[in-house]
Amino acid sequence: MFSFINIFRLVALLEGVSYILLLFIATPIKYFAQDPQYVKLLGMPHGLLFIAYITFAVFLKTDMSWNKSQFGIILLASIIPFGTFYVDRKYLKPIK
């Protein structure tokens, strides 16, 4: 039930949602309404989730038998909007 892959899936989901909120809600509010409080509010949790995502990906690389290109895609997905949702669907969901 609480396996590393399930925790990684949860972290990937939360990281993806926090990134989308940061990019498409908080940043426009910061620059168009001159109100940086949402970036400050979302920045730290997103940073921690980003670090957790990368850490879990590194630890799961050998267990999941990801080759270099798959691992590169998984890491790259953390900086592309909606990328973590793609990783979950393509690389993590079939594992169940």
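L14 sits in helix α1, which covers residues 4–32; helices here are DSSP runs of H or I with at least four residues, and strands are runs of E with at least two, numbered from the N terminus. The model is predicted, so local features need pLDDT of at least 70 and side-chain atom pairs count only at pLDDT 80 or more, whereas totals for chains, interfaces and linings use all residues. Residues are numbered from 1 along each chain as its sequence is written, and side-chain values use heavy atoms, without hydrogens and water.

The chain holds four helices and zero strands, in the order α-α-α-α from the N terminus. Its C-alpha trace spans about 45 × 25 × 20 Å along the principal axes.

A friendly place to begin is α1 itself. The 29 residues of α1 should span 42 Å at 1.5 Å a residue, and the end C-alpha atoms lie 40 Å apart, which agrees; the expected span is 1.5 Å times one less than the number of residues. At L22, α1 bends by about 35°, the angle between axes fitted to the seven residues ending there and the seven starting there. Just after α1, Q34 adopts a positive phi of about 50°.

What of burial? Because its relative accessibility is 40%, L14 counts as partly exposed, a class between buried (under 20% relative accessible area) and exposed (over 50%), with a 1.4 Å probe and protein chains only. The buried residues of α1 include I5, F8, V11, A12 and L22. Those buried residues pack against α2 (37–64), α3 (68–76) and α4 (83–92), with contact meaning heavy atoms within 4.5 Å.
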